[in-house]
Amino acid sequence: MKQEEEKNGEQQEEKIDYVFKVVVIGDSAVGKTQILSRFAKNEFFFDSKSTIGVEFQTRTVNIDSKVIKAQIWDTAGQERYRAVTSAYYRGALGAMLVYDITKRPTFDHVARWLEELRAHADNSIAVMLIGNKADQVESRAVPTEDAVEFAETQGLCFFETSALSGENVEAAFLKLLEEIYGVVSKKSIDCSNNGKPIGPDGGSFKGLKIETSSSGPDFEVSELKKLSTCSC
């Protein structure tokens, strides 16, 4: 029985076409861990505690007939852990930058988080801006328009989500993974990587250089502002 289980496990691993490392960043208590738990396990914990250091969860999805294993790293938002978590940006192909729509300072700090991300991550990283706790409409402190304008200026995708209700969490993660896949599918592997593709072991993330067309999606700010909870 044990051998059969091991065999089935190996067969499942063989089916994985890509492993994408994604980091979830932002201030403490904006709901990063809850968003990840909702996506990875469809769970929400009312007594969730602050993350210490870095933790990660995985989930496998299908994109364009490919099996993608998302390895999602949940980083602590407290200042005292910033030096520790910065090393984990290396090798990340995607990032979720989360703020709390009920706390304006968490949105004001987004620019700083983005600057840090771009300083440590590959310049081809796909970034998704997330306004979490969208279910708390009465307590909103960050207008959707402000986030849309920032996202458009910085070239980010944007969603408003609710980890509590699950609203847009699945859609946001899948959109980010699709963005990553779009980049990776057009990748150009650097010679120092010995021509190895990104595999299920994730070992080829280090030293990977990805080149894409300089032309991006063509959209206008006015068009983005029509999308109240999702724009990209």
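These exercises work through a few residues of a predicted model. Local features need pLDDT of at least 70, side-chain atom pairs count only at pLDDT 80 or more, and totals for chains, interfaces and linings use all residues. Residues are numbered from 1 along each chain as its sequence is written, and side-chain values use heavy atoms, with hydrogens and water left out.

**Exercise 1.** Determine whether D100 is buried or exposed, and find its side-chain polar partner.

Solution. Step 1: D100 has 0% relative accessibility and so counts as buried; buried means under 20% relative accessible area, exposed over 50%, and partly exposed in between (1.4 Å probe, protein chains only). Step 2: the side chains of D100 and T102 make a polar contact of 2.7 Å. A polar contact is a pair of N or O atoms within 3.5 Å; within protein, one must be able to donate a hydrogen and the other to accept it, and residues adjacent in sequence count only if both atoms are side-chain atoms.

**Exercise 2.** Describe the salt bridge between R59 and E170.

Solution. Step 1: a salt bridge is a side-chain nitrogen of Lys or Arg within 4 Å of a carboxyl oxygen of Asp or Glu. Step 2: in the bridge between R59 and E170, the closest N and O atoms are 2.7 Å apart. The pair links distant parts of the chain, 111 residues apart. Step 3: R59 is partly exposed at 23% relative accessible area, and E170 is partly exposed at 34%.

**Exercise 3.** State how many salt bridges this rule gives.

Solution. The count comes to 7 salt bridges. One of them joins D108 and R104 at 3.1 Å, N to O.

Conventions. Helix = DSSP H or I, 4+ residues; strand = E, 2+ residues; numbered from the N terminus.
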